[in-house]
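Open the model in your viewer and keep the selection tool at hand. The stops below say what to select next and what is there.

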Amino acid sequence: MKRFVLLYVAPVLLLLGVVVLPLALGQRTLFLRDVSNAHYQMKHAQALVMRAGHLPLVDPYRGYRPLLGNLNAVPLYPDNLLYLVASPRWALNAHFWLHLLLAPFAMAWLARAWGLGREATWAAGTCYATSGFFLSQLNLYNLIAGAALIPAFAAALIRAWPAADGRRTTWRLAAPALTWTLLLLAGDPLSAALGLALGVSAAAARHGWRPPAAGSLAAALACGTVVAAPQLVATWQILPASYRGFWGYSAASVLAQSWDPRTALEWLVPFVYGRPNLAFWGQEFYGGNEPLYLTLYPGLLALVLVITAGRPRHDAGLWAWGAVAVGLFLALGGFNPLVRALAAAPGGGLLRYPIKVWPLVAVGASLLCGLGWQRFILDDDGRRRLFRVAGALALLYGAGLVLLTHPPAALVARWRAHLPPPMLAEEPVRWAALCLLDLVLAILVLALAWTARRRAGAAPALLALHAASQLFLLQPARATDDVAPYRTPPAQLLEVVPPEALVVHGRVGDLFGPERASPRPYFPDADARWAERLRFAELFPQAGVTWGRRYDFDRSPEGLDPFLSIAVGQAIKTMSDHQRLRVLAASGVDTLILDRPLDEDARSKASLRLRRPSVGRDLWVYHLFDAAPPIALASQVRTVADERQALSRVLEPDFDPSRMVVLPGGGPDRRPAPGELTVLASGPDGVVAEVSSPEGAVLVVQRAYLPIYRATIDRRPAPVLPANAHRLAVEIPPGHHRVHLAADRRPFHAACLAAALAFGALLVLAVKGTRTDATVARQPVL
């Protein structure tokens, strides 16, 4: 065992440690895409409120939009405890590197559960953790935990399926239940569903479809589901009113990230359609977008091992090839008529991105890598097959190198049809360099494989070579940056944006139209870190929350924000600057940051607080006049019969958002006598106020309208209405009253109690165990 650890495990962990160490020391940070643009902001906000002793259902730093119910924020995953003891950025990075270190062990456990030997199981784990698929998870906060846990859950289910081998199972039932709980908390329901499908099918293929202890196993998984109930209940509370649940995505949006068969070329050459930077050019091959997974390059050795595994010789091979086939079939998405039909069917808008089923391919292919390794180690025919495959790939890369260095006219014409003019000279050189590197790797694979029969260290060296080459070649998918630029406060902006302000940044989501002056030509190169550093310097939401600033109209990536808030944001994009300021003021926004000056007709609605130079443009900060207070009594009420007409009334010339409100329900407009308001408490989840009004009044609170809010007037329930299309309002009868408006935490508290009871039941079930006369023997797989 010690020899195996030293020769096989230690080198790969050492290489992963080199990648992880700068993140673990807090010297560098991941930053690509949603890591900085969405997840850092949400996690920093959650850290702030958790340290203040709250666990709110809504996010006070993002317009009081859902927090605990937003799966994209991964709010209840166990490693959130790190945010209580470490800096938010360190804890954010830890979520990634902890699961990167977990991944090889999880996949190795699955291979071991299938009966593979130690060396083969570690080969499977190494190929999985260093695959392009998994390294691409290092910019997907809500997907990486699921990717790491899926093989572990499948392994646990295989082990628990027969329930016993003549002894007490103890934790054998608890393992699948707890990993199932973690999958449900990991941030992506589809990952949990894929894990369940893989786990059940693998266990059934390994042991048959009738587990001896089916009742105990089902009870354990049910307990695991209930342990995750707080997350499930919180999400269920906000889902009906969310964009995803109320409106859903169109079929085109659902299928936007489909696997284009043309991108199979990337299995041979990484980033063949462009590197993930500001000069990425391959959108046409990814549905007009950047790819969700930046690369799906498995690595040369992984390709060799998958082909070496060959046709299925055992249930493990049959299951692995089946997982790959089903994954590819579903990932085709828009290229698959069946998936297109499902996307257009009722409810199809709840799911999107067919490429997200790629864990089926990745897990199946990694198990095939383990099977190929076992054939290479134990079988002469397998060794010869590996030589033939590696030799063929070496010839293929050699031919590619010659073709790229001496391209025929027809190939150059195809390049011109797809490549931007500035990339015509650069990309073929890069492709040729990658072919040369892969050619060298193929030769090294052949040399080490030949030596493996005579030298014990050659086979582990081959696996270490694969891990090292993957981490080197796929470095763009795990790009990091120095943390210093993200810790430097933009002092001038913070001086004119006070902590009590409610801020909108016009560049977020192109709320104030597309960018007019791009800073891209002023960056030193096409590296994406320059754009991210600029966002922090220009006080985008992900930067502002670091310094305690609050923002609104900042949309969460997965469509779990309130539909009404998103609809208002979409409407703002179609308006003139003058109309935009009226809607923002009616939403309580008092500070606006732009990369351009306001149009002439809108400048009477705001005062310029700061104009300062930025990269390739100036930055403008405005203070909006007559913005609605965070909590106020409206002295005038305007009504609409149809909620879709609310914005048109807000835009009426005489509408004053500081003292008026638009409510649904129809009827005549009202002008009650002025009342008095005393705010007794205002916290993340709600407000308490005393209201005195001779003719009744309307309490208006500038928070996103959500169905989770409940209002009481003198402890009697009162309806909560959408104010100004997407804010909160409560109508108060005449007299003196105490009003309590808060998010309803009772379902969440009940779910927490159920989770505690289920966890206790799970412990009892695990300790009690079950007995069966079945004997499960681990058979070697060839």
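**Stop 1: salt bridges**

Select helix α27 (residues 577–586): Asp577 and Arg580 are three residues apart there, and therefore separated by about one helical turn. Helices here are DSSP runs of H or I with at least four residues, strands are runs of E with at least two, and both are numbered from the N terminus. This is a predicted model, in which local features need pLDDT of at least 70 and side-chain atom pairs count only at pLDDT 80 or more, while totals for chains, interfaces and linings use all residues. Residues are numbered from 1 along each chain as its sequence is written, and side-chain values use heavy atoms, with hydrogens and water left out.

Show the side chains of Asp577 and Arg580, which form a salt bridge with an N to O distance of 2.8 Å. The term means a side-chain nitrogen of Lys or Arg within 4 Å of a carboxyl oxygen of Asp or Glu. Asp577 is buried at 1% relative accessibility, and Arg580 is buried at 6%. Buried stands for under 20% relative accessible area, exposed for over 50%, and partly exposed for what lies in between (1.4 Å probe, protein chains only).

Next, select Arg638 and Glu652, whose side chains meet in a salt bridge of 2.6 Å, N to O. Arg638 is in strand β11 (residues 636–640) and Glu652 in the loop between α28 (646–650) and β12 (660–664), so the pair ties together parts that are 14 residues apart in sequence. Arg638 counts as buried at 7% relative accessibility, whereas Glu652 is partly exposed at 22%. For a network, select Asp59, Arg62, Arg65, Asp552, Asp561 and Arg727, which are joined by salt bridges that share partners. The whole structure has 41 salt bridges.

**Stop 2: helix α14**

Select residues 300–309. Nine of the ten residues of this helix, α14, are buried, so the rest of the structure largely encloses it. Among the buried ones are Leu300, Val304 and Thr308. What do the buried residues of α14 pack against? Their partners are α5 (118–129), α15 (315–331), α17 (358–378), α18 (380–405), α20 (426–451) and α21 (458–473). Just after α14, Gly310 has a positive phi of about 65°.

**Stop 3: rings**

The structure holds 28 aromatic pairs. Select Tyr128 and Phe133: their ring centres are 6.4 Å apart and their planes at 50°, so this pair is tilted. Rings of Phe, Tyr and Trp (its six-membered ring) pair if their centres lie within 6.5 Å; planes under 30 degrees apart count as stacked, over 60 as edge-to-face and the rest as tilted. Tyr128 is buried, at 0% relative accessible area, and Phe133 is buried at 3%.

Then select Tyr273, Phe280, Trp281, Phe285, Tyr286, Trp415 and Trp431, a cluster linked by ring pairs. Arg703 lies over the face of Tyr64, 3.9 Å from the ring centre, and the charged end of Arg555 sits over the ring of Tyr243, 4.8 Å from its centre. A charge sits over a ring if NZ of Lys or CZ of Arg is within 6 Å of the ring centre and within 35 degrees of the ring normal.

**Stop 4: a loop residue**

Finish at Gln137, in the loop between α6 (132–135) and α7 (141–160). Is Gln137 buried or exposed? Gln137 is buried, with a relative accessible area of 1%. Apart from neighbours within four places in sequence, Gln137 is in contact (heavy atoms within 4.5 Å) with Phe96, Leu143, Ile144, Ala147 and Tyr293.
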